[in-house]
Amino acid sequence: MPLPERFLDELIARTDIVDLVSESVRLTKKGGSWWGCCPFHSEKTPSFHVVPDRQMYKCFGCGKGGGVINYVMELENLPFRDAVAVLAKRAGMQMPEFDGSSSGMRERREKILEMNKQTARLFHRWLNSPQGSEGLAYLERRGLSRRTRTNFGLGFALNSWDGLIQALAGLGYSKRDMLDAGLAVSNKDGRIYDRFRNRVMFPIIDVRGNVIGFGGRVMDDATPKYLNSPDTPVYNKSRNVFALNIAKNSKAGRVILTEGYMDTIALHQAGFDNAVASLGTAFTEEHGQLLARYFKEAVISYDGDSAGVAAAQRAIPLLEKAGLKVKVLRMQGAKDPDEFIKAYGRDAFVRLLDQSENQVDYRLAQIQKKYDLTDDGQRVSFLQEAAQLVSTLHSAVEREIYGGHAAQTAGVSPETMKLEVDRALKGRLRKEKRQEERQNMAPVGQLQPKARTLRYENIRSARAEEGLLRLLMLDPGLAGRMDGITGAEFSSGLLGRAFDALNRRAAAGLSTQLAALAEDFDREEMDHLAQVAAQPESVANSGQSIQDYISIVRGEGLLRSGTAQGDDLLLAAQKRYQQKKAYMEEKT
Ligand SMILES: [Zn+2]
(Lines give C-alpha, C1' and ligand atoms only; values in the text may rest on other atoms or scores of the structure.)
Protein backbone atom coordinates (compact mmCIF):
# COMPACT_ATOMS: atom_id res chain seq x y z
CA MET A 1 0.00 0.00 0.00
CA PRO A 2 1.50 3.31 -0.98
CA LEU A 3 1.94 6.00 1.61
CA PRO A 4 -0.93 8.50 1.62
CA GLU A 5 -0.12 11.44 -0.64
CA ARG A 6 -1.39 13.97 1.89
CA PHE A 7 1.05 12.60 4.40
CA LEU A 8 3.95 12.91 1.95
CA ASP A 9 2.84 16.39 1.02
CA GLU A 10 2.87 17.54 4.59
CA LEU A 11 6.21 15.87 5.18
CA ILE A 12 7.70 17.73 2.23
CA ALA A 13 6.12 21.00 3.34
CA ARG A 14 7.53 20.60 6.84
CA THR A 15 11.06 19.78 5.67
CA ASP A 16 13.04 22.70 4.38
CA ILE A 17 15.69 21.66 1.88
CA VAL A 18 18.21 24.25 3.08
CA ASP A 19 17.86 23.15 6.72
CA LEU A 20 18.11 19.51 5.75
CA VAL A 21 21.16 19.85 3.54
CA SER A 22 22.85 22.14 6.09
CA GLU A 23 22.99 19.20 8.47
CA SER A 24 25.53 17.51 6.25
CA VAL A 25 26.96 20.21 3.97
CA ARG A 26 28.34 23.66 4.74
CA LEU A 27 26.25 25.97 2.56
CA THR A 28 27.01 29.54 1.53
CA LYS A 29 24.34 31.90 0.32
CA LYS A 30 24.72 33.48 -3.12
CA GLY A 31 21.78 35.53 -4.32
CA GLY A 32 18.56 33.61 -3.75
CA SER A 33 20.18 30.20 -3.49
CA TRP A 34 22.85 28.25 -1.66
CA TRP A 35 26.06 26.54 -2.73
CA GLY A 36 28.28 23.96 -1.09
CA CYS A 37 30.64 21.07 -1.75
CA CYS A 38 28.71 18.08 -2.98
CA PRO A 39 28.21 15.27 -0.43
CA PHE A 40 27.91 12.72 -3.25
CA HIS A 41 31.20 13.26 -5.02
CA SER A 42 34.56 14.61 -3.95
CA GLU A 43 35.31 18.22 -4.77
CA LYS A 44 37.06 21.27 -3.41
CA THR A 45 35.10 24.01 -5.19
CA PRO A 46 31.35 24.03 -4.58
CA SER A 47 29.13 22.87 -7.42
CA PHE A 48 26.27 21.63 -5.26
CA HIS A 49 23.33 23.99 -5.67
CA VAL A 50 20.35 24.23 -3.32
CA VAL A 51 17.34 26.23 -4.49
CA PRO A 52 14.92 27.07 -1.66
CA ASP A 53 12.21 28.43 -4.02
CA ARG A 54 11.97 25.10 -5.74
CA GLN A 55 12.90 23.03 -2.68
CA MET A 56 15.47 21.12 -4.66
CA TYR A 57 19.17 20.43 -5.00
CA LYS A 58 21.30 19.85 -8.06
CA CYS A 59 24.98 19.06 -8.36
CA PHE A 60 26.62 20.45 -11.48
CA GLY A 61 29.60 18.18 -10.92
CA CYS A 62 28.17 14.68 -10.64
CA GLY A 63 24.65 15.45 -11.87
CA LYS A 64 22.74 14.21 -8.84
CA GLY A 65 19.59 16.10 -7.99
CA GLY A 66 16.15 15.92 -6.43
CA GLY A 67 14.06 17.02 -3.47
CA VAL A 68 14.24 16.35 0.26
CA ILE A 69 13.32 12.67 0.06
CA ASN A 70 15.85 11.95 -2.68
CA TYR A 71 18.47 13.71 -0.64
CA VAL A 72 18.05 11.34 2.29
CA MET A 73 17.78 8.30 0.01
CA GLU A 74 21.05 9.24 -1.63
CA LEU A 75 22.95 10.36 1.45
CA GLU A 76 22.03 7.43 3.64
CA ASN A 77 21.67 4.87 0.88
CA LEU A 78 18.07 4.16 1.85
CA PRO A 79 15.05 3.02 -0.13
CA PHE A 80 12.15 5.43 -0.46
CA ARG A 81 10.09 4.38 2.54
CA ASP A 82 13.04 4.34 4.90
CA ALA A 83 14.02 7.82 3.77
CA VAL A 84 10.46 8.97 4.40
CA ALA A 85 10.62 7.39 7.86
CA VAL A 86 13.84 9.29 8.64
CA LEU A 87 12.28 12.59 7.55
CA ALA A 88 9.05 11.87 9.40
CA LYS A 89 10.96 11.31 12.61
CA ARG A 90 12.92 14.51 11.99
CA ALA A 91 9.71 16.45 11.41
CA GLY A 92 8.01 14.88 14.44
CA MET A 93 5.39 13.16 12.30
CA GLN A 94 3.92 9.73 12.90
CA MET A 95 4.45 7.29 10.01
CA PRO A 96 1.05 6.09 8.82
CA GLU A 97 0.27 2.43 9.50
CA PHE A 98 0.27 0.21 6.47
CA ASP A 99 -0.05 -3.50 5.84
CA GLY A 100 3.07 -5.40 4.96
CA SER A 101 1.76 -6.98 1.79
CA SER A 102 3.09 -4.84 -0.99
CA SER A 103 6.19 -2.85 -0.12
CA GLY A 104 8.75 -5.57 -0.61
CA MET A 105 12.11 -3.93 -0.12
CA ARG A 106 11.49 -2.24 3.19
CA GLU A 107 9.96 -5.35 4.73
CA ARG A 108 12.80 -7.46 3.45
CA ARG A 109 15.38 -5.12 4.96
CA GLU A 110 13.56 -4.97 8.25
CA LYS A 111 13.30 -8.72 8.39
CA ILE A 112 17.02 -9.14 7.78
CA LEU A 113 17.86 -6.51 10.40
CA GLU A 114 15.64 -8.22 12.94
CA MET A 115 17.18 -11.61 12.12
CA ASN A 116 20.67 -10.11 12.42
CA LYS A 117 19.78 -8.75 15.84
CA GLN A 118 18.52 -12.16 16.96
CA THR A 119 21.67 -13.75 15.54
CA ALA A 120 23.93 -11.34 17.41
CA ARG A 121 22.10 -12.30 20.63
CA LEU A 122 22.55 -15.99 19.90
CA PHE A 123 26.26 -15.57 19.18
CA HIS A 124 26.72 -13.56 22.37
CA ARG A 125 24.88 -16.16 24.43
CA TRP A 126 26.93 -18.98 22.92
CA LEU A 127 30.16 -17.15 23.73
CA ASN A 128 29.22 -17.29 27.38
CA SER A 129 28.02 -20.90 27.25
CA PRO A 130 30.07 -24.11 27.66
CA GLN A 131 30.07 -24.55 23.85
CA GLY A 132 31.78 -21.19 23.48
CA SER A 133 34.53 -21.74 26.00
CA GLU A 134 37.19 -21.85 23.31
CA GLY A 135 36.06 -18.50 21.91
CA LEU A 136 35.89 -16.93 25.32
CA ALA A 137 39.36 -18.21 26.15
CA TYR A 138 40.66 -16.70 22.92
CA LEU A 139 39.18 -13.26 23.64
CA GLU A 140 40.47 -13.35 27.21
CA ARG A 141 43.89 -14.27 25.91
CA ARG A 142 43.71 -11.22 23.67
CA GLY A 143 43.04 -9.19 26.80
CA LEU A 144 39.45 -8.17 26.10
CA SER A 145 37.56 -7.48 29.30
CA ARG A 146 34.03 -8.61 30.00
CA ARG A 147 32.85 -5.03 29.67
CA THR A 148 34.45 -4.69 26.22
CA ARG A 149 32.95 -7.98 25.10
CA THR A 150 29.53 -6.76 26.13
CA ASN A 151 29.94 -3.25 24.68
CA PHE A 152 30.82 -4.64 21.28
CA GLY A 153 28.32 -7.50 21.56
CA LEU A 154 31.05 -10.03 20.75
CA GLY A 155 29.96 -13.60 20.23
CA PHE A 156 30.80 -17.09 19.12
CA ALA A 157 29.63 -19.17 16.15
CA LEU A 158 29.28 -22.83 17.09
CA ASN A 159 31.56 -25.48 15.65
CA SER A 160 28.65 -26.97 13.73
CA TRP A 161 27.23 -26.97 10.19
CA ASP A 162 23.74 -25.97 11.20
CA GLY A 163 23.80 -24.59 14.74
CA LEU A 164 22.63 -21.15 13.64
CA ILE A 165 20.28 -22.44 10.95
CA GLN A 166 18.47 -24.62 13.49
CA ALA A 167 18.22 -21.82 16.00
CA LEU A 168 16.90 -19.33 13.42
CA ALA A 169 14.45 -21.88 12.00
CA GLY A 170 13.18 -22.27 15.57
CA LEU A 171 12.52 -18.53 15.57
CA GLY A 172 10.47 -18.86 12.40
CA TYR A 173 12.97 -17.77 9.74
CA SER A 174 13.10 -19.51 6.38
CA LYS A 175 16.08 -20.77 4.39
CA ARG A 176 15.51 -17.92 1.96
CA ASP A 177 15.76 -15.37 4.80
CA MET A 178 19.01 -16.85 6.05
CA LEU A 179 20.55 -16.88 2.57
CA ASP A 180 19.40 -13.29 1.97
CA ALA A 181 21.06 -12.19 5.18
CA GLY A 182 24.29 -13.95 4.25
CA LEU A 183 24.13 -16.04 7.42
CA ALA A 184 23.80 -19.28 5.49
CA VAL A 185 25.46 -20.57 2.32
CA SER A 186 24.02 -23.12 -0.08
CA ASN A 187 25.94 -25.82 -1.91
CA LYS A 188 25.28 -27.24 -5.38
CA ASP A 189 22.59 -29.59 -4.14
CA GLY A 190 20.67 -26.69 -2.67
CA ARG A 191 21.48 -27.71 0.90
CA ILE A 192 22.32 -24.86 3.19
CA TYR A 193 24.80 -24.63 6.02
CA ASP A 194 26.08 -22.00 8.46
CA ARG A 195 28.43 -19.44 6.92
CA PHE A 196 30.15 -18.77 10.23
CA ARG A 197 31.47 -21.80 12.10
CA ASN A 198 33.81 -22.04 15.05
CA ARG A 199 34.75 -18.37 15.00
CA VAL A 200 34.60 -15.46 17.41
CA MET A 201 32.01 -13.07 16.04
CA PHE A 202 31.99 -9.28 15.69
CA PRO A 203 28.61 -7.75 14.91
CA ILE A 204 28.84 -4.80 12.51
CA ILE A 205 26.53 -2.04 13.63
CA ASP A 206 25.63 1.01 11.55
CA VAL A 207 25.35 4.60 12.80
CA ARG A 208 21.69 4.07 13.57
CA GLY A 209 22.34 1.05 15.79
CA ASN A 210 21.21 -1.67 13.36
CA VAL A 211 23.17 -4.92 13.19
CA ILE A 212 23.91 -4.95 9.47
CA GLY A 213 26.41 -7.81 9.23
CA PHE A 214 29.12 -9.83 10.94
CA GLY A 215 32.82 -10.47 10.90
CA GLY A 216 34.17 -13.75 12.19
CA ARG A 217 37.73 -14.55 13.21
CA VAL A 218 39.35 -17.94 13.59
CA MET A 219 41.06 -18.65 16.90
CA ASP A 220 44.19 -20.23 15.45
CA ASP A 221 46.15 -19.75 12.24
CA ALA A 222 43.55 -21.29 9.95
CA THR A 223 42.50 -19.39 6.86
CA PRO A 224 40.69 -17.29 6.06
CA LYS A 225 41.61 -15.47 9.22
CA TYR A 226 38.61 -13.18 8.89
CA LEU A 227 35.32 -14.01 7.24
CA ASN A 228 32.79 -11.22 6.70
CA SER A 229 29.15 -11.05 5.71
CA PRO A 230 28.71 -10.70 1.97
CA ASP A 231 26.94 -7.60 0.66
CA THR A 232 23.23 -7.97 1.43
CA PRO A 233 20.20 -5.68 1.11
CA VAL A 234 21.27 -4.10 4.43
CA TYR A 235 25.05 -4.30 4.21
CA ASN A 236 27.57 -2.84 1.82
CA LYS A 237 31.18 -3.19 2.90
CA SER A 238 32.35 -0.20 0.89
CA ARG A 239 29.93 2.08 2.67
CA ASN A 240 30.33 1.03 6.29
CA VAL A 241 33.11 1.10 8.83
CA PHE A 242 33.33 -0.89 12.02
CA ALA A 243 32.64 0.88 15.35
CA LEU A 244 31.52 4.17 13.79
CA ASN A 245 28.30 3.76 15.79
CA ILE A 246 30.42 4.42 18.90
CA ALA A 247 33.14 6.62 17.42
CA LYS A 248 30.68 9.11 15.96
CA ASN A 249 29.90 10.28 19.51
CA SER A 250 33.55 10.71 20.46
CA LYS A 251 34.67 14.12 21.66
CA ALA A 252 38.18 13.52 20.31
CA GLY A 253 37.57 15.42 17.07
CA ARG A 254 39.72 13.07 15.05
CA VAL A 255 39.21 9.50 13.99
CA ILE A 256 41.79 6.73 14.32
CA LEU A 257 41.66 4.43 11.34
CA THR A 258 42.85 0.87 11.93
CA GLU A 259 43.05 -2.22 9.77
CA GLY A 260 40.97 -4.62 11.80
CA TYR A 261 38.38 -5.39 14.43
CA MET A 262 40.89 -6.40 17.08
CA ASP A 263 42.91 -3.19 16.76
CA THR A 264 39.82 -1.06 16.97
CA ILE A 265 38.42 -2.91 19.97
CA ALA A 266 41.76 -2.83 21.77
CA LEU A 267 41.94 0.93 21.25
CA HIS A 268 38.42 1.40 22.60
CA GLN A 269 39.26 -0.68 25.64
CA ALA A 270 42.29 1.54 26.21
CA GLY A 271 40.02 4.59 26.16
CA PHE A 272 40.25 5.67 22.51
CA ASP A 273 36.58 5.79 21.66
CA ASN A 274 37.36 7.31 18.26
CA ALA A 275 38.86 4.22 16.59
CA VAL A 276 37.22 2.56 13.58
CA ALA A 277 38.20 -0.09 11.02
CA SER A 278 37.32 -0.58 7.39
CA LEU A 279 35.86 -3.99 6.86
CA GLY A 280 37.73 -6.66 4.98
CA THR A 281 38.12 -4.38 2.01
CA ALA A 282 40.37 -1.65 0.74
CA PHE A 283 39.49 1.82 1.90
CA THR A 284 37.03 3.45 -0.49
CA GLU A 285 35.99 6.96 -1.44
CA GLU A 286 32.66 6.27 0.26
CA HIS A 287 34.43 5.37 3.51
CA GLY A 288 36.21 8.71 3.31
CA GLN A 289 32.99 10.62 2.79
CA LEU A 290 31.31 8.76 5.62
CA LEU A 291 34.12 9.63 8.05
CA ALA A 292 34.17 13.25 6.85
CA ARG A 293 30.60 13.59 8.11
CA TYR A 294 31.76 13.13 11.69
CA PHE A 295 35.42 14.13 11.77
CA LYS A 296 37.81 16.79 10.52
CA GLU A 297 41.00 14.83 10.93
CA ALA A 298 42.02 11.21 10.45
CA VAL A 299 45.04 9.43 11.88
CA ILE A 300 45.90 6.33 9.90
CA SER A 301 47.15 3.63 12.20
CA TYR A 302 47.75 0.64 9.99
CA ASP A 303 50.22 -2.20 10.47
CA GLY A 304 53.84 -1.36 9.80
CA ASP A 305 54.30 -4.17 7.24
CA SER A 306 54.39 -3.57 3.51
CA ALA A 307 50.70 -4.40 3.10
CA GLY A 308 49.86 -1.84 5.77
CA VAL A 309 52.02 0.82 4.13
CA ALA A 310 50.42 0.17 0.74
CA ALA A 311 46.95 0.36 2.29
CA ALA A 312 47.82 3.66 3.98
CA GLN A 313 49.11 5.07 0.68
CA ARG A 314 45.79 4.23 -0.93
CA ALA A 315 43.70 5.64 1.90
CA ILE A 316 45.50 9.00 2.15
CA PRO A 317 44.27 10.59 -1.10
CA LEU A 318 40.72 9.28 -0.53
CA LEU A 319 40.57 10.80 2.95
CA GLU A 320 42.04 14.05 1.67
CA LYS A 321 39.57 14.18 -1.18
CA ALA A 322 36.76 13.87 1.35
CA GLY A 323 38.15 16.97 3.04
CA LEU A 324 39.85 15.38 6.05
CA LYS A 325 43.22 16.40 7.37
CA VAL A 326 45.32 13.27 7.32
CA LYS A 327 48.12 12.11 9.57
CA VAL A 328 49.93 8.82 9.64
CA LEU A 329 51.03 7.12 12.79
CA ARG A 330 54.41 5.45 12.57
CA MET A 331 54.73 2.70 15.09
CA GLN A 332 58.02 1.38 16.30
CA GLY A 333 58.57 -1.66 18.45
CA ALA A 334 55.19 -3.15 17.68
CA LYS A 335 53.41 -4.32 14.58
CA ASP A 336 49.95 -2.96 15.34
CA PRO A 337 48.18 -0.66 17.84
CA ASP A 338 46.93 -3.61 19.88
CA GLU A 339 50.44 -4.92 20.41
CA PHE A 340 51.81 -1.41 20.98
CA ILE A 341 49.36 -0.57 23.75
CA LYS A 342 49.94 -3.90 25.45
CA ALA A 343 53.69 -3.35 25.37
CA TYR A 344 53.98 0.36 26.12
CA GLY A 345 50.65 1.44 27.53
CA ARG A 346 48.02 4.01 26.77
CA ASP A 347 50.09 7.13 27.41
CA ALA A 348 52.77 6.06 24.97
CA PHE A 349 50.07 5.66 22.34
CA VAL A 350 48.74 9.16 23.06
CA ARG A 351 52.25 10.51 22.50
CA LEU A 352 52.45 8.54 19.28
CA LEU A 353 49.15 10.03 18.16
CA ASP A 354 50.33 13.55 18.90
CA GLN A 355 53.56 12.99 17.04
CA SER A 356 51.89 11.26 14.16
CA GLU A 357 53.45 12.33 10.99
CA ASN A 358 51.95 14.70 8.63
CA GLN A 359 50.92 12.65 5.63
CA VAL A 360 53.16 14.63 3.25
CA ASP A 361 56.31 13.76 5.16
CA TYR A 362 55.09 10.21 5.41
CA ARG A 363 54.63 9.96 1.67
CA LEU A 364 57.97 11.65 0.99
CA ALA A 365 59.63 9.05 3.20
CA GLN A 366 57.88 6.31 1.24
CA ILE A 367 59.09 7.76 -2.06
CA GLN A 368 62.59 8.09 -0.66
CA LYS A 369 62.64 4.38 0.17
CA LYS A 370 62.31 3.54 -3.51
CA TYR A 371 65.53 5.25 -4.53
CA ASP A 372 69.21 5.04 -3.77
CA LEU A 373 70.06 8.70 -3.22
CA THR A 374 73.82 8.18 -3.57
CA ASP A 375 73.22 7.51 -7.24
CA ASP A 376 72.83 10.72 -9.32
CA GLY A 377 70.30 9.25 -11.75
CA GLN A 378 68.11 7.90 -8.96
CA ARG A 379 68.36 11.19 -7.10
CA VAL A 380 66.88 12.98 -10.10
CA SER A 381 64.04 10.46 -10.24
CA PHE A 382 63.41 10.95 -6.52
CA LEU A 383 63.25 14.73 -6.96
CA GLN A 384 60.84 14.46 -9.86
CA GLU A 385 58.50 12.13 -8.02
CA ALA A 386 58.72 14.23 -4.85
CA ALA A 387 57.97 17.37 -6.90
CA GLN A 388 54.84 15.70 -8.28
CA LEU A 389 53.64 15.02 -4.75
CA VAL A 390 54.50 18.49 -3.45
CA SER A 391 52.77 20.12 -6.42
CA THR A 392 49.45 18.62 -5.29
CA LEU A 393 49.52 20.71 -2.09
CA HIS A 394 47.15 23.62 -2.15
CA SER A 395 49.03 26.37 -0.40
CA ALA A 396 52.28 27.91 -1.58
CA VAL A 397 53.59 27.85 1.99
CA GLU A 398 53.08 24.10 2.20
CA ARG A 399 54.76 23.62 -1.15
CA GLU A 400 57.75 25.60 0.06
CA ILE A 401 58.04 23.74 3.36
CA TYR A 402 57.72 20.22 1.98
CA GLY A 403 59.69 21.07 -1.12
CA GLY A 404 62.41 22.14 1.31
CA HIS A 405 62.23 18.81 3.13
CA ALA A 406 62.66 16.93 -0.14
CA ALA A 407 65.52 19.18 -1.24
CA GLN A 408 67.31 18.56 2.01
CA THR A 409 66.84 14.81 1.69
CA ALA A 410 68.33 14.81 -1.80
CA GLY A 411 71.04 17.35 -1.00
CA VAL A 412 70.00 19.99 -3.54
CA SER A 413 69.17 23.66 -2.99
CA PRO A 414 65.59 24.68 -2.14
CA GLU A 415 65.60 26.90 -5.26
CA THR A 416 66.28 23.94 -7.54
CA MET A 417 63.47 22.03 -5.90
CA LYS A 418 61.14 25.00 -6.29
CA LEU A 419 61.76 25.08 -10.05
CA GLU A 420 60.93 21.39 -10.24
CA VAL A 421 57.77 21.81 -8.18
CA ASP A 422 56.62 24.77 -10.28
CA ARG A 423 57.08 22.74 -13.42
CA ALA A 424 55.04 19.86 -12.01
CA LEU A 425 52.38 22.30 -10.84
CA LYS A 426 52.07 23.92 -14.27
CA GLY A 427 51.69 20.53 -15.92
CA ARG A 428 48.99 19.58 -13.44
CA LEU A 429 47.03 22.81 -13.85
CA ARG A 430 47.14 22.48 -17.65
CA LYS A 431 45.77 18.99 -17.39
CA GLU A 432 43.00 19.99 -14.97
CA LYS A 433 42.01 22.90 -17.18
CA ARG A 434 41.77 20.66 -20.23
CA GLN A 435 39.53 18.31 -18.30
CA GLU A 436 37.30 21.11 -17.12
CA GLU A 437 37.00 22.48 -20.66
CA ARG A 438 36.02 19.10 -21.95
CA GLN A 439 33.26 18.98 -19.37
CA ASN A 440 31.92 22.46 -20.10
CA MET A 441 32.27 22.40 -23.86
CA ALA A 442 29.59 19.84 -24.49
CA PRO A 443 26.37 21.86 -24.86
CA VAL A 444 24.45 19.13 -26.66
CA GLY A 445 25.56 16.64 -24.09
CA GLN A 446 24.23 18.93 -21.40
CA LEU A 447 20.84 19.14 -23.04
CA GLN A 448 20.61 15.41 -23.06
CA PRO A 449 19.88 13.31 -19.98
CA LYS A 450 23.04 11.73 -18.63
CA ALA A 451 21.57 8.24 -18.70
CA ARG A 452 21.55 6.80 -22.23
CA THR A 453 18.22 5.11 -21.84
CA LEU A 454 16.57 8.49 -21.22
CA ARG A 455 18.06 10.24 -24.28
CA TYR A 456 15.84 12.69 -26.09
CA GLU A 457 14.89 11.76 -29.63
CA ASN A 458 13.64 15.21 -30.44
CA ILE A 459 15.58 17.94 -28.71
CA ARG A 460 13.39 20.81 -29.92
CA SER A 461 10.24 19.18 -28.61
CA ALA A 462 11.94 18.04 -25.41
CA ARG A 463 13.02 21.62 -24.65
CA ALA A 464 9.42 22.76 -24.87
CA GLU A 465 8.25 19.79 -22.80
CA GLU A 466 10.79 20.73 -20.15
CA GLY A 467 9.36 24.25 -20.14
CA LEU A 468 5.83 22.98 -19.52
CA LEU A 469 7.09 20.78 -16.72
CA ARG A 470 8.90 23.66 -15.06
CA LEU A 471 5.90 25.94 -15.23
CA LEU A 472 3.75 23.29 -13.61
CA MET A 473 6.31 22.83 -10.85
CA LEU A 474 6.44 26.56 -10.20
CA ASP A 475 2.69 27.08 -10.24
CA PRO A 476 0.22 24.18 -10.02
CA GLY A 477 -2.50 26.71 -10.85
CA LEU A 478 -1.32 26.64 -14.46
CA ALA A 479 -2.45 23.03 -14.87
CA GLY A 480 -5.89 24.04 -16.07
CA ARG A 481 -4.48 26.39 -18.73
CA MET A 482 -2.46 23.89 -20.71
CA ASP A 483 -4.94 23.26 -23.49
CA GLY A 484 -5.54 19.70 -22.39
CA ILE A 485 -2.12 18.54 -23.47
CA THR A 486 -1.08 15.26 -21.87
CA GLY A 487 2.20 13.45 -21.41
CA ALA A 488 1.21 11.03 -24.15
CA GLU A 489 1.80 13.83 -26.66
CA PHE A 490 5.34 14.40 -25.41
CA SER A 491 8.32 13.10 -27.35
CA SER A 492 10.17 12.09 -24.20
CA GLY A 493 8.64 9.26 -22.22
CA LEU A 494 10.21 10.46 -19.01
CA LEU A 495 9.03 14.06 -19.36
CA GLY A 496 5.58 12.85 -20.36
CA ARG A 497 5.28 10.67 -17.31
CA ALA A 498 6.46 13.46 -15.04
CA PHE A 499 4.03 15.89 -16.65
CA ASP A 500 1.08 13.54 -16.13
CA ALA A 501 2.08 12.92 -12.53
CA LEU A 502 2.31 16.66 -11.82
CA ASN A 503 -0.95 17.34 -13.60
CA ARG A 504 -2.73 14.74 -11.56
CA ARG A 505 -1.25 16.15 -8.37
CA ALA A 506 -2.25 19.67 -9.32
CA ALA A 507 -5.81 18.54 -9.98
CA ALA A 508 -5.89 16.86 -6.55
CA GLY A 509 -4.63 20.03 -4.87
CA LEU A 510 -1.28 18.44 -3.98
CA SER A 511 2.20 19.89 -4.21
CA THR A 512 3.84 19.90 -7.63
CA GLN A 513 7.35 20.45 -6.38
CA LEU A 514 10.10 18.18 -7.59
CA ALA A 515 10.32 16.51 -4.18
CA ALA A 516 6.81 15.12 -4.66
CA LEU A 517 8.02 12.88 -7.50
CA ALA A 518 10.51 10.95 -5.40
CA GLU A 519 8.50 7.74 -5.20
CA ASP A 520 7.63 7.34 -8.85
CA PHE A 521 10.97 8.02 -10.50
CA ASP A 522 14.24 6.18 -10.13
CA ARG A 523 17.53 7.82 -9.35
CA GLU A 524 18.69 8.50 -12.89
CA GLU A 525 15.30 9.84 -13.84
CA MET A 526 15.24 12.05 -10.79
CA ASP A 527 18.72 13.39 -11.49
CA HIS A 528 17.53 14.46 -14.90
CA LEU A 529 14.25 15.93 -13.67
CA ALA A 530 16.29 17.99 -11.22
CA GLN A 531 18.43 19.18 -14.10
CA VAL A 532 15.22 20.25 -15.87
CA ALA A 533 13.82 21.91 -12.76
CA ALA A 534 17.02 23.85 -12.11
CA GLN A 535 16.85 25.74 -15.42
CA PRO A 536 15.54 29.30 -15.39
CA GLU A 537 11.87 29.78 -16.12
CA SER A 538 9.62 32.72 -15.47
CA VAL A 539 5.96 32.56 -14.58
CA ALA A 540 5.65 36.27 -15.39
CA ASN A 541 4.42 35.70 -18.92
CA SER A 542 3.39 32.11 -18.49
CA GLY A 543 0.33 32.30 -20.76
CA GLN A 544 2.42 33.09 -23.82
CA SER A 545 5.15 30.62 -22.84
CA ILE A 546 2.59 27.83 -22.49
CA GLN A 547 1.16 28.55 -25.93
CA ASP A 548 4.61 28.57 -27.52
CA TYR A 549 5.68 25.38 -25.81
CA ILE A 550 2.49 23.55 -26.68
CA SER A 551 2.59 24.52 -30.33
CA ILE A 552 6.16 23.22 -30.56
CA VAL A 553 5.30 19.94 -28.84
CA ARG A 554 2.24 19.38 -31.01
CA GLY A 555 3.93 20.52 -34.21
CA GLU A 556 6.88 18.23 -33.67
CA GLY A 557 4.49 15.46 -32.71
CA LEU A 558 2.73 15.72 -36.05
CA LEU A 559 6.01 15.71 -37.93
CA ARG A 560 7.05 12.68 -35.98
CA SER A 561 3.95 10.69 -36.73
CA GLY A 562 4.38 11.59 -40.42
CA THR A 563 0.90 13.03 -40.71
CA ALA A 564 1.83 16.65 -41.15
CA GLN A 565 0.18 16.90 -44.55
CA GLY A 566 -3.14 17.79 -46.00
CA ASP A 567 -6.13 16.04 -44.58
CA ASP A 568 -4.22 14.42 -41.81
CA LEU A 569 -3.36 17.83 -40.41
CA LEU A 570 -7.03 18.74 -40.43
CA LEU A 571 -7.96 15.46 -38.84
CA ALA A 572 -5.39 15.95 -36.16
CA ALA A 573 -6.62 19.46 -35.46
CA GLN A 574 -10.14 18.22 -35.19
CA LYS A 575 -9.18 15.45 -32.83
CA ARG A 576 -7.32 17.93 -30.71
CA TYR A 577 -10.37 20.17 -30.60
CA GLN A 578 -12.52 17.29 -29.41
CA GLN A 579 -10.03 16.32 -26.79
CA LYS A 580 -9.89 19.87 -25.57
CA LYS A 581 -13.66 20.09 -25.43
CA ALA A 582 -13.88 16.86 -23.48
CA TYR A 583 -11.24 18.12 -21.11
CA MET A 584 -12.99 21.44 -20.55
CA GLU A 585 -16.29 19.69 -19.87
CA GLU A 586 -14.65 17.42 -17.40
CA LYS A 587 -13.19 20.43 -15.62
CA THR A 588 -16.55 22.22 -15.24
ZN1 LIG B 1 28.12 16.02 -6.92
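**Reading a sheet and its core**

Biologist: How many bridges join strand β16 (residues 325-328) to β17, and do they run parallel or antiparallel?

Modeller: Two bridges join β16 to β17, and these strands run antiparallel. Strands of a sheet pair through backbone hydrogen bonds, either parallel or antiparallel. Here strands pair if DSSP finds at least two bridges between them; strands (E, at least two residues) and helices (H or I, at least four) are DSSP runs, numbered from the N terminus. Across from valine 328 stands glutamate 357 of β17.
The model is predicted: local features need pLDDT of at least 70, side-chain atom pairs count only at pLDDT 80 or more, and totals for chains, interfaces and linings use all residues. Residues are numbered from 1 along each chain as its sequence is written.

Biologist: What is the order of the strands in the open sheet?

Modeller: The six strands follow the order β12-β14-β13-β15-β16-β17, with mixed pairing. At the edges are β12 (241-242) and β17 (357-358), each of which pairs on one side only.

Biologist: Which strands do bridges join to β13?

Modeller: β15 (residues 297-300) is joined to β13 by four bridges, and β14 (residues 275-278) by three. Both pairs run parallel. Valine 255 faces alanine 298 in β15, while threonine 258 has alanine 277 of β14 as its bridge partner.

Biologist: Is strand β13 (residues 254-258) mostly covered or uncovered?

Modeller: β13 is mostly covered, with four of its five residues buried. A residue is buried if 20 or more other C-beta atoms, placed from the backbone, lie within 10 Å of its own.

Biologist: Which residues of the largest nonpolar core touch the most other members?

Modeller: In soluble globular proteins, nonpolar side chains tend to be buried together. A nonpolar core is a set of buried Ala, Val, Leu, Ile, Met, Phe, Trp, Tyr and Cys residues joined through C-beta atoms within 7 Å. The largest one has 76 residues, and Met201, Val276, Ala298 and Ile300 touch the most other members. Helix α5 (residues 104-127) gives the largest share, seven residues.

Biologist: Where does this core lie?

Modeller: The core lies between domain 2 (104-228) and domain 3 (241-355), because both give residues to it. The domain bounds come from an automatic or database assignment. A second, separate core of 55 residues includes Val84 and Leu468.

Notes
Buried ≥ 20, exposed ≤ 12 C-beta atoms within 10 Å, placed from the backbone.
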